[in-house]
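Please read this briefing beside the sequence and the coordinates.

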Amino acid sequence: MKVRPAQRDDLLAIGRVADAAHWQTYRTLIGPGAITEMIRRDYSPSALKRKLMSGGVLVVEDPGDGVVGFAHVRASGDHVELAAISTDPGYAESVREAATWVAARMDRAGLSSAIHETPGHPLVVGRHTAG
C-alpha cells in the first residue's frame, strides 16, 4: 500500500471508489435519489477537479488493484473536514481502527466525538461547544 498526493490521472478511480462507498454505506439509510445526488454533487468530475486543485487530496494505492481509497482534507472557517473513503473490505478493521484513533484525538483536543455505525464503514463526528 502506498499513500500519495492525488493527481489528475486519479480522478476516474477516485470517482469509482466514491460511488461504490456511497452505495455500500447509505443504501439502507436513504433513498437512491439522495445517494445519486450526493455522488453527483461531491464526486462528479468537475467537483473532483476542484478538490484536486484545492490540494489536500491523498490516494491509497495498492500495487495490484490501483486506487482503493482516498482522503480529502479541507479547513473551512472554524472546522476541519476530513473525508476518507475506501471500499476494500479487506481493510474494514483498519478503517474501524482509524475511526477510533480519530475519535480519541478529538476527545483529547477537548471536542466531543461520536462514532456512528453505518452498513459500511463507521462515521466519526466531532463537535466543539464554545463555552
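Buried here stands for under 20% relative accessible area, exposed for over 50% and partly exposed for what lies in between, with a 1.4 Å probe and protein chains only. The model is predicted, so that local features need pLDDT of at least 70 and side-chain atom pairs count only at pLDDT 80 or more, while totals for chains, interfaces and linings use all residues. Residues are numbered from 1 along each chain as its sequence is written, and side-chain values use heavy atoms, with hydrogens and water left out.

- In soluble globular proteins, nonpolar side chains tend to be buried together.
- The protein has 4 helices and 6 strands, which are DSSP runs numbered from the N terminus (H or I over at least four residues for helices, E over at least two for strands).
- From the N terminus on, these elements follow the order β-α-α-α-β-β-β-α-β-β.
- Of the 131 residues in the protein, 30% are buried.
- Among contacts (heavy atoms within 4.5 Å) between residues at least 6 apart in sequence, 45% join residues at least 24 apart.

**Helix α1 against helix α2**
- The axes of α1 (residues 11-26) and α2 (residues 32-43) come within 10 Å and cross at roughly 150 degrees, where axes are lines fitted to C-alpha atoms, for helices over the stretch in contact, and angles run from 0 to 180 degrees between N-to-C directions.
- The two helices α1 and α2 are therefore roughly antiparallel, on a scale that counts angles under 35 degrees as roughly parallel, over 145 as roughly antiparallel, 65 to 115 as roughly perpendicular and the rest as oblique.
- The crossing of α1 with α2 is right-handed, a term for a near helix turned clockwise from the far one by less than a right angle, with anticlockwise giving left-handed.
- On the α1 side A18, D19, H22, W23 and Y26 take part, and they meet P32, I35, T36, M38, I39 and Y43 in α2.
- By class, this contact of α1 with α2 has 8 nonpolar, 2 polar and 1 charged residues, with Ala, Val, Leu, Ile, Met, Phe, Trp, Tyr, Cys and Pro counted as nonpolar, Asp, Glu, Lys and Arg as charged, and the others, Gly among them, as polar.

**Helix α3 and its partners**
- Helix α1 packs on α3 at an angle of about 115 degrees, with the axes 10 Å apart, and that makes α1 roughly perpendicular to α3.
- The crossing of α1 and α3 is right-handed, and L11, I14 and G15 in α1 meet L48, K49 and L52 in α3.
- The contact of α1 with α3 divides into 4 nonpolar, 1 polar and 1 charged residues.
- The axes of α2 and α3 come within 5 Å and cross at roughly 45 degrees, and these two helices are therefore oblique to each other.
- This contact is made by R41, D42 and Y43 of α2 and P45, A47, L48 and K51 of α3, and its residues divide into 4 nonpolar, no polar and 3 charged.

**Residue S46**
- S46 is found in α3 (residues 45-54) and is partly exposed, with a relative accessible area of 42%.
- The C-alpha atoms of S46 and L11 are separated by 9.6 Å, although the two residues are 35 residues apart along the chain.
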